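Biologist: I've got a new structure open and I'd like to learn how to read it. Could you take me through it feature by feature?

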Amino acid sequence: MAITHPSIKSTDGKHASVTTFPKDGPPPITVKNLTMAYGTFVLMKDINFTVNHGDIFIIMGGSGSGKSTLLRHMLGLIEPAKGEVWYGDFNFTKGEPEQREEMLRHFGVLYQGGALWSSMTLAENVGLPLGEFTDLSQGEIREVAALKLALVGLMGFEGYYPSQISGGMQKRAGLARAIALDPEILFFDEPSAGLDPISSRLLDDLILELRDNLGATVVVVTHELASIFAIGNNSVFLDAESKTMIAHGDPKDLLAHCTDHRVQTFLTRGGEDNKTEKSARQHG
Amino acid sequence: MQAQKQPQANNELSFARADKSLVVRLAGDWHLRHGLPSQDLVEKQLDAAPKPTRLTFDAADLCDWDSGLLTFLLGVSELCHKRNLPADWGPLPEGVRSLIQLAEAVPEKTGARAEVSHTSFIEELGREAISYAQGLDDFLRFLGEVAISFAKLAVGKARFRRVDLMIVIQDCGANAFGIVTLVTFLVGVILAFEGAVQLQQFGASIFVADLVGIAMSRDMGAMMAAIIMAGRTGAAFAAQLGSMKVTQEIDALTTMGISPLEFLVLPRVLALFLMIPLLCVYSDCLGVAGGAFVSATMLHIPLATYIRETRHAVTLTDIFGGIFKAAVYGIIIAVAGCMRGFQCGNSSSAVGDAATEAVVTGVVYVIVACGIFAFIFNIIGI
């Protein structure tokens, strides 16, 4: 896959370095002693993990365990009650607003519903970051936007508004926007939510493709077991009851070796001895 | 759910004692539409001497049932749990047992049930007062952030799409002409009519032109334009930004390193700041036209005379004072609308609340500002 690499401008208008997270440097993401809280209500505490170069890192756990909230903390949309998030050797939590803004330009985020700007066409959605942070001309921006949309299977939809396309297409367009600046870290919030199994699998393939070809590190919030095992090579498991992470590692290893029954119950969909499994067996 | 016998008219509940057990007899149809028997009947039986050591059921005459029976049985189960009384669910139909088991599978989470709090009137009043003070604090803080964005705009560092600015200018300028025309013309008519009734008694009908001209140019033109725009555009700003918050579009801007304040708020504030003064001048003219209409039809004052009197009464200071006030009102309305949009919760009803709050905040602060202007203008002799 041919990928264009538009050089990104820093806040002072100069061009930022091409790679912020060199392979021989510190891990691209480190979360240290993170506590997430809403006022006095502690949602999660003592979250510690490292995401390595090229990882597809899964944040998993049951509904309401704080997966998306952890992602929002990592993106700086919510300030942690305690602890820090580091990107390479940059302390993102304690960083100056301008430095944080500059760091954010190396990220791509796909939100649950796509979060496309409804007043703009798909091409304008993808082109906005290119226009804001590169020196590309309007014509070049249109070309790059068309390429990014083509990469997610939306060639020809450049002039459509988000309200004119389906939910799955909106999600793919959101992905095209997320990869507009060839980010070094990609965040996905529930990418499979609301998609049919085939679209979901195609999206998983696309994530793998982007990781392999862009060299990006990927963080995915999901509880879709099929996706977890298909794409994840590292993960953290959040448990709502104990309000902390109870497992960390490759999901396949966790399935094979983790002895914690909560993790096993989750990864085996409630275990073999459940009604759905029985019903499936009965119906052949 | 499950037909077992010939349906009967209604549910029947009776009790019997067997050894030390309380037998609850269920008969007939147990449907929600028939209503449910009170749990008090069971409670009385459980507490009556001699107290039973076990509870069991007799469902031999039970016919059709639905969630009504399950609701009743769940209440019975809770009564048994409270008394540590073992219950034998065996005699009930399998479907009933299975669903009761399902309902009780996950125990109630401690602290999950919302507590009903009773607050006194004084406490409620205090809370409301603190909330209003907090609202003013939020407004001033947001205004400060907008001021910083304007400073960035002045040095050419603010990021927003010029096309967005043009769209908002069109929306709160040209597209608002219709409603502004109607309302301000009628305000002029009303002012003139009320003035005419009084002034006619003293033979001073011509001063209707002075009354309408001065009132419109000093205050009413700016005020009416502001109130129309608060209801029309301020609410729209809050609804647009609130919806964007619900759909995470604002988060998408933030995580892209684009300031939502610059990208979304700046064009809106700038547009209203530029457009309301123009609408104010337009309102002044329409108000005077309304006054002229009443004067011509009711007082038979010639149009030329009316205009000459208006020109004599209204000074440039009045007009520019009104325009200045309108510009300030424009900033207040835009900031109130955008702030409420940014404060919007994550639900569709919250978007409606944000729009309502935007109008209330905008109108209240415009009227407060009007009072402050009246006081200051009086001191400096304008």
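Biologist: Let's start where the chains meet. How many residues of chain A are in contact with chain B?

Modeller: Two residues are in contact if their C-beta atoms, placed from the backbone, lie within 7 Å. Here, 14 residues of chain A touch eleven residues of chain B. Three elements of chain A give two or more residues to that side: helix 2 (97-104), strand 6 (107-110) and helix 3 (122-133). Helix 2 of chain A gives the most, with three residues. Helices (H or I, at least four residues) and strands (E, at least two) are DSSP runs, numbered from the N terminus.

Biologist: Which classes of residue make up the side of chain A that touches chain B?

Modeller: Nine nonpolar, one polar and four charged. Ala, Val, Leu, Ile, Met, Phe, Trp, Tyr, Cys and Pro count as nonpolar, Asp, Glu, Lys and Arg as charged, and the others, Gly among them, as polar.

Biologist: And where do these coordinates and numbers come from?

Modeller: The model is predicted, and local features need pLDDT of at least 70, side-chain atom pairs count only at pLDDT 80 or more, while totals for chains, interfaces and linings use all residues. Residues are numbered from 1 along each chain as its sequence is written, and chains are lettered from A and ligands numbered from 1 in the order in which they are written.

Biologist: Okay, sheets next. How do I read one?

Modeller: Strands of a sheet pair through backbone hydrogen bonds, either parallel or antiparallel. In chain A, four strands form an open sheet in the order 2-1-4-5, with antiparallel pairing. Strand 2 (41-51) and strand 5 (90-91) of chain A are at the edges with a single partner strand each, so one side of each has no neighbour in the sheet. Seven bridges join strand 1 (residues 29-38) of chain A to strand 2 of chain A, and Thr30(A) stands opposite Thr50(A) there.

Biologist: What lies across that sheet in chain A?

Modeller: Helix 1 (residues 67-74) of chain A lies across strand 1, strand 2 and strand 4 (82-87), running at about 120° to strand 1 of chain A. Axes are lines fitted to C-alpha atoms, for helices over the stretch in contact, and angles run from 0 to 180 degrees between N-to-C directions.

Biologist: Now helices. Why does the length of helix 6 of chain B agree with expectation?

Modeller: The expected span is 1.5 Å times one less than the number of residues. Helix 6 (residues 177-200) of chain B has 24 residues and should span 34 Å, and its end C-alpha atoms are 33 Å apart, so the two agree.

Biologist: Which residues of helix 6 of chain B are buried?

Modeller: Among them are Val180(B), Thr184(B), Val187(B) and Leu191(B). A residue is buried if 20 or more other C-beta atoms lie within 10 Å of its own, exposed if 12 or fewer, and partly exposed in between; C-beta atoms are placed from the backbone. The buried residues of helix 6 pack against helix 7 (207-246) and helix 9 (260-299) of chain B. Of the 382 residues of chain B, 36% count as buried.

Key: Pairing = 2+ DSSP bridges.
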